[in-house]
Amino acid sequence: MLVIGEKINGAIPSVGEAIAKRDEAFIRNLARRQTDAGADYLDVCAGTNPDDELDALVWLIDIVQDESDKPLCVDSPDAKMIEKVLPRVKQNGLINSVSGEGDKCGIIYPLLKGTDWKVIALTCDNNGIPETADKKVAIAKGLIEEAAHYDIAPDRIFIDPLVLSLSAVSDCMLSFMEAVRQIKEAYPTVKTVSGLSNISYGMPYRKIVNMNFLALALSVGMDAAIMDPENRDMCGTLYAVEALLDRDKYCRKYNRAYRQGKFGSK
């Protein structure tokens, strides 16, 4: 499974403070630690006031690219912001994100045409985030079919079925899993992805919910997660589940990760 390192995000208070102070050493440290922990992509999100986002995002991109050779996941809710900063990025990575909202497809998809960039596609539209699997899948199909008009193959798309909060929607995990199954059945080469923390919002001892969400999502074929690659509990769950699902021949990756201290007692 691909790991998208989530820690360079201005919505995290300590990171937001570092961005405001332009604390380069702090950001470099986050980039290096996530790279060393094995992240496949580094998410870069300014998460600041819209008036400051362009300068902050360019600053982050330059520092992270200088510190790490990992491809970036360029993250902004503003499609036009992604359009502005993409020329700054030195290697093809992942755009986070496109959706059925407004004109996002019309802005983001032309940026991918003729490149090797990949994109996260969210199953939401102008009506918000649907609760049912069928509605999630319908939005996903629309996004995939629209991408084809720009010569973007399904294998360049990471569908995020947008899991809701368990404390508010009791069947959110079941609808998420069913959506992943249906999407993978209809488009075998499409990837699926999710953040791990939304499901546990408003609940006590959130990490146990997040860990089990990861395990269940992997069991139905989720391909990537936006997560903290330094989180030992999450990493242990990831390696154990991949071994249990026969995706790790002779448990080689599990044993190697344990020896490298990525999980287990210190």
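Helices (H or I, at least four residues) and strands (E, at least two) are DSSP runs, numbered from the N terminus. What you have above is a predicted model, so to speak of local features we ask for pLDDT of at least 70, side-chain atom pairs count only at pLDDT 80 or more, and totals for chains, interfaces and linings use all residues. Residues are numbered from 1 along each chain as its sequence is written, and side-chain values use heavy atoms, with hydrogens and water left out.

**View 1. The whole chain, before we zoom in.** The protein chain has ten helices and eight strands. Its C-alpha trace spans about 45 × 45 × 35 Å along the principal axes. The radius of gyration (taken over C-alpha atoms; the globule rule is 2.2 Å times the number of residues to the power 0.38) is 18 Å, which agrees with the value near 18 Å for a compact globule of 266 residues.

View 2. Serine 97 belongs to strand β4, residues 94-100.

View 3. Serine 194 sits in strand β7, residues 191-195. It counts as buried because its relative accessibility is 1%. Contact here means heavy atoms within 4.5 Å. Setting aside neighbours within four places in sequence, serine 194 touches Asp160, Val163, Phe176, Phe213, Met222, Ala224, Ala225 and Ile226.

View 4. Rings of Phe, Tyr and Trp (its six-membered ring) pair if their centres lie within 6.5 Å; planes under 30 degrees apart count as stacked, over 60 as edge-to-face and the rest as tilted. The count by this rule is five aromatic pairs. One of them joins tyrosine 109 and tyrosine 150, a tilted pair at 5.8 Å centre to centre with 45° between the planes. The pair links distant parts of the chain, 41 residues apart: tyrosine 109 is in helix α5 (residues 104-112), while tyrosine 150 is in the loop between α6 (133-148) and β6 (157-160). Tyrosine 109 is buried, because its relative accessibility is 0%.

View 5. Tyrosine 254 and phenylalanine 263 make a tilted pair, 5.0 Å centre to centre and 55° between the planes. Phenylalanine 263 is buried at 7% relative accessible area, whereas tyrosine 254 is partly exposed at 28%. Tyr239, Tyr254, Tyr258 and Phe263 form one aromatic cluster.

**View 6. Charges over rings.** A charge sits over a ring if NZ of Lys or CZ of Arg is within 6 Å of the ring centre and within 35 degrees of the ring normal. Arginine 22 lies over the face of tryptophan 59, 5.3 Å from the ring centre. Likewise, the charged end of lysine 249 is over the ring of tyrosine 250, 5.5 Å from its centre.

**View 7. Positive phi in a loop.** Tyrosine 250 turns up again here, in the loop between α9 (232-244) and α10 (252-259). Its phi is positive, about 55°, although it is not a glycine. Tyrosine 250 is exposed, with a relative accessible area of 62%. Cysteine 251, in the loop between α9 and α10, has a positive phi near 60° and is likewise a residue other than glycine. Cysteine 251 is partly exposed, at 32% relative accessible area.

Conventions
Buried means under 20% relative accessible area, exposed over 50%, partly exposed in between (1.4 Å probe, protein chains only).
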